[in-house]
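Here's a walk through the model you have on screen.

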Amino acid sequence: MAFRLPTAGTRSAIPVGLLLLLGFAAPLVAIVAYSFATPRSFDVFTSFTLENYAGIFDVENTVWLSFLWSGLFALATVVLLAIFAYPIAYGLNRVFGRWSSLVSILFVFPLFVSENVRLYGWVLFFIKNGVLDGSLKAFGFEGGPDVLFTPGMILAGMLYTYLPFMLFPMTLGLAMVPGDLIDAARDLGAGRFQIWREIELPLAMPGILIGMLLTFVLGIGAIAEAKILGGQSVIVIAHDIEIAFTYSQNWPLGSALAVVITGFIAVLTLAVFGRLDLDRLLGRR
Amino acid sequence: MNQAQKRNALFISVWTAIVVIAIYLPIVCGALASLSKGRYFGFPVREYSIEWWEKTLDSFEIGMLTRTSFTVALSVTLLSVVIAFFGALAFARYEWKGRRLFQKIVLLPIFFPQPVLGLALLLWFSALGIQTSWITAVFAHMVWIVPVVTLVIAIQVYGFDPTLEEAAYDLGCTRFQVFREITLPLLWPGIWSGMLFAFLLSWGNFPLSLYTAGADSTIPKWLYAKMVAGYTPMVPALGTMSTLGAALALGLGGLVVYLYRRRQEGR
């Protein structure tokens, strides 16, 4: 037969495939095309220049500072969240028992509240005469620390926003560690640290890795934290891209920046995805 | 449990409780700000009042953007769940050649910063000559939400026994009958959770709406605009209302799944 109807699997994949082709792949191609257009113009496909990229890598330009800030914030977010989320992920698997689903819901729910609402809540907490400052004064103290609009506050905001994205993959990962394996190791005389290093960590690694990748990638593109909690004291890279697209109407430059970010993310993501077995992680044991 | 394990469990529970409190603290702060009288927030609250809630409920502008947010979220939910349902079958049910590649492609939009995605879509729409409005925002939301819903439904599909479908075929059912009588009821909890996720994620989405909704404003977009310039206590009031709405939807949605499971087990 020259032509065979595609299999059921292929057919079911078509709607998602089309959506991602039109809504994900095509826009990325479009920004690549725009990144080669004459700066400050809209002559896509009619002009070809590397000027936009040359501008980015020019030391005179301070955009590298934004890259640095975003990279540092993302890296710090990943490291700290891995430490903060681990005990909770462990608890969801081994300690909370039948309370686990309730605790999970408590951590999922904030995802459904717009991040700017939640971040603004922190502004109300830390601002002069806000909840912290006001309470301390009411008890006769000096008043709250002046932490708003500092880089540390931006980092705290990122930890806060991206916690669920570390926690849930990590929980899935830890769920892949069989409990009797740990018991067996303990019976054979392994210490707690040994069990953690030789059994728990390696077996949970796929989930932990996904969590780290996800938080890093989202952290690199974070913008709301820096704008709301940082008060523009630091310009992160996504903010630079936004400025290029909106205020300065320099789409080619914005596209070039977005392409650099996308390339960076793509390399990381593909490297991690290469060694991932999603069937095992998501439930086909 | 021995002594060390008990200490461990206590440490984990205390830490989790601290983190949960930290997560909900800003939401509570917003609620306090919305309930205090006067234009500028100060703590301890001198006088409580519901005037800002009333003003928010009476505002014509806010009624408009609530309707837009709702329309967007509902459209995203209905479209996403259909596409993601088939996506989940391709993801987890059928063995086919491109499956492993497909699984990874589906994840890519989740592993991508939304502000950058929103700007890329804005540029793409303009290159195509499409005027941005709430309709383009629906499309933009779907690019991110369909993969999430696909995952949510796929987890249910993994627990699905394909031999049940085959048995029904052997007993003479048509393709449509199998779909309606076997596949859909078995996957229903997953589909329902997927719909709930789609609605709530769209309802709360800010970065994609900001760049792709054009002149149409959604609740998160309006809140952001007012936070940056022109704060009024209607900001925390609307934020709190939106949060309560999401909590209500989640509670009702969860209740439906719970009752459904109980009825299934009771049979």
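## A helix pair in chain B

In this predicted model, α10(B) and α11(B) pack with their axes 10 Å apart, at an angle of about 155°. Anything over 145 degrees counts as roughly antiparallel, so that is how α10(B) sits relative to α11(B). The crossing of α10(B) past α11(B) is left-handed.

Which residues make this contact? From α10(B) you get B:I219, B:L223, B:K226 and B:M227. The α11(B) side brings in B:V235, B:L238, B:G239 and B:S242. Sort the residues of this helix contact by class and you have 5 nonpolar, 2 polar and 1 charged.

## Where the two chains meet

Now for the contact between chains. Chain B puts in 73 residues, and chain A puts in 72 residues. On the chain B side, quite a list of helices supply at least two residues each: α1 (3-34), α3 (60-93), α4 (99-107), α5 (114-128), α6 (134-158), α8 (175-204), α10 (219-228) and α11 (234-266). So the two helices from the pair above, α10 and α11 of chain B, also turn up on the side that touches chain A.

Which helix gives the largest share of that side? It's α1(B), with 15 residues.

## A look at chain A

What is chain A built from? Helices: there are 13 of them, and 0 strands. Read from the N terminus on, the elements of chain A go α-α-α-α-α-α-α-α-α-α-α-α-α.

The C-alpha trace of chain A spans about 85 × 70 × 35 Å along its principal axes. Of the 285 residues in chain A, 45% are buried. Take the contacts in chain A between residues at least 6 apart in sequence, and 72% of them join residues at least 24 apart.

## How confident is the prediction?

For chain B, the mean pLDDT is 91, and 99% of the residues in chain B reach 70 or more. The model as a whole scores ipTM 0.90 and pTM 0.91.

Definitions and conventions:
Residues numbered from 1 in each chain as written. Chains lettered and ligands numbered in written order. Predicted model: local features only at pLDDT ≥ 70, side-chain atom pairs only at ≥ 80, totals over all residues. Contact = placed C-beta atoms within 7 Å. Helix = DSSP H or I, 4+ residues; strand = E, 2+ residues; numbered from the N terminus. Axes fitted to C-alpha atoms, helices over the stretch in contact; angles between N-to-C directions. Parallel < 35°, antiparallel > 145°, perpendicular 65-115°, else oblique. Left-handed = near helix turned anticlockwise from the far one by under 90°. Nonpolar A, V, L, I, M, F, W, Y, C, P; charged D, E, K, R; others polar. pLDDT = per-residue confidence, 0-100. Buried ≥ 20, exposed ≤ 12 C-beta atoms within 10 Å, placed from the backbone.
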